[in-house]
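Student: Could you take me through one part of this model closely, strand by strand, and tell me how each residue there is placed?

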Amino acid sequence: MMMLQDGSLQLLCLTASSGVPLFTRGASKQLPFSVIGSLNGVHMFGGGQGVVLSCCETEGGGKVVWRVFQDSVMLIAVSGGGGHSGAGSSKEEEVRLQRLLENVWNCMVLVLGQDELANVRNVERLKRDLRSCFSLIDQLLEDKQEGILGNLTHCADSLLPPNPAILQEAVDGFAQAADSEFGCCIIHGRIAAATDKWWRLAPQEVVLLSALMRSLSACGSASCDYPVFLPQGSPTVAHRLLRFQLLPGADVCVLCGPTPSLHRAESGLVGRFWSPLLETLRDCLAVGERCLPGSVSLRPDVLALLLINRETRRSVSCVRTSTNHPLGGPPLPSKARCWELLKLFYIFSTTRYFSQEEAWCVSPEERAQRGNAEDFVLGFSHQPLQCYLVTEECKSYGLQTPQHQLFLLIPLSVPTFALRTVATQTLSDITAATAL
């Protein structure tokens, strides 16, 4: 059955008890109501037989993933298949879709709060309220901004500034003056500096707040006062998110209570703390998508990298564009393709070899049902520390230490025996020059 065109994706949201559609997002051609009803019905039938239906694959290569949250809301992701050719597989696509559903639910809690979603009293009112989530949900679905991998990794996409101490002092002082312990400076959609309490938020909350900041920044407003719920830390009590644009591409925000007012913070605090740092902010903006300061020199044979600090749940990633194509060899992957391959290799490594700090997007009920499904991982008597993959497009290498995970894309021209040297030197170069 081909429900959607190849590469398309549609998200369905229904009430779990009655199957009433709340919204659909994604593919321009909406699925017929009869198909939506069938997808809900087969899940309900399985539940009545004591079976948790979490995923299935269609004859046309598409995939359907179900997830029920708080016994109240059902989310269904329908993929048309064919959108992630190459190194992708059925497992990779399932992981992507499961994580998408988890992110969408947390997004809905972030904007509306858990009470309104878990106790649906008026379906029509909930439909109207959910519209305020659409811009953020569409951002998760489209996944268009290159270099933003936090939706997949649940690690904060970060930019390492040239002068971190100056920026850190400004963020700490600004947050304290705003009667808050939670402050953050975002450059090009990535966190450049944040208070200690900001980093203590749940990783999913940090990622979603960054996504919300990007969404608010795209609206073009210079400042805003936005109520948010923290899906894990405060799902039923709202906080205020005050956001201010410092320069195009540079924003600062704080999470606070009733005070200060938006006007007071904008007129009395923003200029006081940030006007003296305009040149510092411009230096941060100049780092751009590389996300690494000039003090870090990468080897020329590194096409792309993703480095995760396992303790702080921060990450940096970059793709290096090269005009030097190897003579007589296959052309190097495009920039967009490198980002796609990097995501696929991350999923490949963390679902087969490397430890994952948080369980992959499954509810406790599903985890109990699956039991020992991951036979491949259980077959190891030890914890793998390195892995590599060779495809027709490039070579990929993963390295795990107690503190870091590093994922690299490397040209096919580099000998396989040299991959480990490239990875260890890259990790050493970045950690020696930065605090990541």
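Tutor: Strands β10 and β11 form a hairpin with two residues between them, and Gly249 in the turn has a positive phi of about 95°. Strands here are DSSP runs of E with at least two residues, numbered from the N terminus. This is a predicted model, in which local features need pLDDT of at least 70, side-chain atom pairs count only at pLDDT 80 or more, and totals for chains, interfaces and linings use all residues. Residues are numbered from 1 along each chain as its sequence is written, and side-chain values use heavy atoms, with hydrogens and water left out.

Leu242 stands opposite Val254 of β11. Strand β11 also pairs with β7 (residues 182–187), again in the antiparallel sense, over six bridges, and there Ile186 has Asp251 of β11 as its bridge partner.

As for the side chains, in a regular strand they alternate between the two faces of the sheet. In β11, Ala250, Val252, Val254 and Cys256 point one way, while Asp251, Cys253 and Leu255 point the other way, and all are buried, where buried means under 20% relative accessible area with a 1.4 Å probe, protein chains only. Because seven of the seven residues of β11 (residues 250–256) are buried, this strand is largely enclosed by the rest of the structure.

Notes
Buried means under 20% relative accessible area, exposed over 50%, partly exposed in between (1.4 Å probe, protein chains only). Helices (H or I, at least four residues) and strands (E, at least two) are DSSP runs, numbered from the N terminus. Two strands pair if DSSP finds at least two bridges between them.
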